[in-house]
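Hi,

Here is the structure I promised to pass on.

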Amino acid sequence: MRYISTRGDAPILEFGDVLLEGLASDGGLYVPVELPAISANDLADFVELEYHEVAARVLAPFVAPSLSVDELAELTLDAYSTFTHPDVVPTSRLAAGEHLVELFRGPTLSFKDVALALLGRLFEHELARRSTTMTIVGATSGDTGSAAIDACRDREGIELVMLHPAGRVTEIQRRQMTTVDSPNIHNVAIDGTFDDCQDLVKALFGDRPLRERMRLGAVNSINWARVAAQTVYYVTTAVKLGAPERAVSFCVPTGNFGNVLAGDVARRMGVPIDRLVVATNHNDILARTHRTGDMAISEVRPSTSPAMDIGVSSNFERLLFELGGRRGAALAADMAHFRAEASLALAPDVLAGLRAGFDAGSASEDEVAATIAAVDETDGRLIDPHTAVALTVARRDAPAGGWTTPIAVMSTAHPAKFGEAVVEATGRQPELPPSLAALADRDEYLTALPNDLATLRDFVIARCTP
Ligand SMILES: *Cc1c(COP(=O)(O)O)cnc(C)c1O
């Protein structure tokens with residue numbers, strides 16, 4: 001598969017390059033030149049297969065010729081053996097026609113594991129193939145950091161430096177990162193905010209000599225390999241709920257638009273997906289864009305679903321590229337306008353395309369708490385606030401007479417990861433799974449640094465020079 005940039009002015013690359021480079025040189029995002037097809041026969045075959053086997057089948061066209069089918073199958077087997085449920089991504093029924101898709105059965109208990117577990121192994125494989133090494137630098141406000149650390153720990157050729165804002169992640173999130181005792185994992189607590197951490201990472205990448213010398217790389221959510229890996233659970237869930245004969249709709253708690261974009265990709269590949277519902281918390285740029293046609297930035301306010309506290313959804317650009325007829329130069333001009341003005345009016349055909357394929361809604365903090373309490377009351381079951389955002393929207397915004405297909409609500413985190421909000425809503429403390437309970441007694445490995453680029457730069461060179 002070859003990949004082009006959404007802004008039309010970057011070299012056409014193969015999978016291995018797209019994997020390692022992340023962002024395109026023109027500031028755009030890489031997308032495949034064309035999507036492979038999944039036929040009704042394929043879907044019927046998948047009924048019999050394990051998750052890692054479906055993953056290998058679905059992803060093979062995206063990674064060829066950088067990886068052979070057998071090489072890929074080895075990596076998907078290894079990646080998904082780290083999940084605690086035999087289905088990897090199980091579904092459970094909440095009410096008639098309403099299902100939860102449990103994306104949190106991976107090693108760090110959030111949906112980030114599904115993509116990152118595979119990404120770490122893909123990186124290791126590609127670096128070995130090129131006989132080279134890489135220093136991955138990232139900033140996290142929580143879930144991505146622990147999933148990336150788990151995915152990269154002890155992998156050949158990779159050093160990982162993960163920045164988090166000191167005192168501004170939950171204790172569980174911090175311990176998930178800092179209790180990993182691996183020589184290639186370097187946790188840094190920055191005396192500052194998450195934005196300060198992101199600015200430091202950007203500044204490191206902006207230092208060209210350093211970037212080349214240390215071969216800096218990223219694992220951020222715009223990496224196409226992450227989107228591709230996420231298409232797999234749309235396929236397996238659709239198959240469980242009746243595909244190819246019957247269509248399914250999904251409601252997705254959304255921040256950077258990576259998860260729900262993967263659903264759109266699966267639908268374009270031929271999976272019978274009817275509606276894709278974008279659910280946001282009160283940081284609702286996507287819901288407002290869908291309603292008004294104007295994509296306008298507003299201030300980010302903290303919520304109980306912090307993984308969705310974003311001002312701009314970076315992966316939305318990929319959908320705009322498709323809906324606008326894949327015209328890179330035009331999209332580059334639009335994105336320049338958006339950057340300058342902090343708003344962009346969608347063209348009428350783009351807005352019509354968005355509404356044709358997607359619904360969107362936002363949930364208030366009160367609604368989220370009420371939904372967590374309601375599910376506890378009717379099912380005796382605790383759900384996390386991100387999941388509750390999606391379930392709120394799926395229930396409140398159902399068409400008159402209900403969804404015409406089964407509605408699958410993406411459950412993106414284990415409730416124990418966001419225990420405070422769950423206790424607040426229900427008075428009950430979610431039980432810590434054994435992997436989290438054990439964290440309290442382990443030693444922590446982290447370095448506290450000031451919010452200072454030169455100090456961080458010295459640290460990266462000292463720790464990560466091959
Ligand atoms: C990252 C994350 C999301 C948002 O996913 P996007 O792909 O950014 O839309 C939702 N819930 C949880 C728990 C997450 O970690």
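Two strands count as paired if DSSP finds at least two bridges between them. Helices (H or I, at least four residues) and strands (E, at least two) are DSSP runs, numbered from the N terminus. Before the details, please note that this is a predicted model, where local features need pLDDT of at least 70, side-chain atom pairs count only at pLDDT 80 or more, and totals for chains, interfaces and linings use all residues. Residues are numbered from 1 along each chain as its sequence is written, and side-chain values use heavy atoms, with hydrogens and water left out.

Strands first. β4 (residues 91–95) and β5 (residues 98–102) run antiparallel and are joined by 4 bridges.

Strand β1 (residues 2–5) is joined to β3 by 3 bridges, and Tyr3 has Pro32 as its bridge partner in β3.

Pro11 sits in the loop between β1 and β2. For accessibility, buried means under 20% relative accessible area, exposed over 50%, and partly exposed in between (1.4 Å probe, protein chains only). Pro11 counts as partly exposed, at 48% relative accessibility. Leaving aside neighbours within four places in sequence, Pro11 is in contact (heavy atoms within 4.5 Å) with Tyr3, Ser25 and Tyr30.

Now the aromatics. Rings of Phe, Tyr and Trp (its six-membered ring) pair if their centres lie within 6.5 Å; planes under 30 degrees apart count as stacked, over 60 as edge-to-face and the rest as tilted. The structure holds 9 such pairs. In one of them, the rings of Tyr51 and Tyr80 have centres 5.1 Å apart and planes at 75 degrees, so the pair is edge-to-face. Tyr51 is in helix α3 (residues 51–63) and Tyr80 in helix α4 (residues 69–80), 29 residues apart, and both tyrosines are buried. Phe62 and Trp224 have ring centres 5.9 Å apart and planes at 55 degrees, so that pair is tilted. Phe62 lies in helix α3 and Trp224 in helix α10, so the pair ties together parts that are 162 residues apart in sequence. Phe62 is buried at 0% relative accessibility, and Trp224 is buried at 3%. Ring pairs also link Tyr3, Phe15, Phe62 and Trp224 into a cluster.

On to the interior. A nonpolar core is a set of buried Ala, Val, Leu, Ile, Met, Phe, Trp, Tyr and Cys residues joined through side-chain atoms within 4.5 Å. The largest one has 103 residues, and Tyr80 and Tyr234 have the most contacts inside it. Helix α10 (residues 224–240) gives the largest share, 11 residues. Domain 1 (91–106 + 224–426) and domain 2 (133–220 + 434–466) both give residues to this core, so it lies between them; the domain bounds come from an automatic or database domain assignment.

Lastly, helix α20 (residues 453–464) has Leu456, Phe459, Val460, Ile461 and Cys464 as its buried residues. They pack against several elements, including β6 (134–139), α8 (194–206) and β16 (447–449).

Cheers
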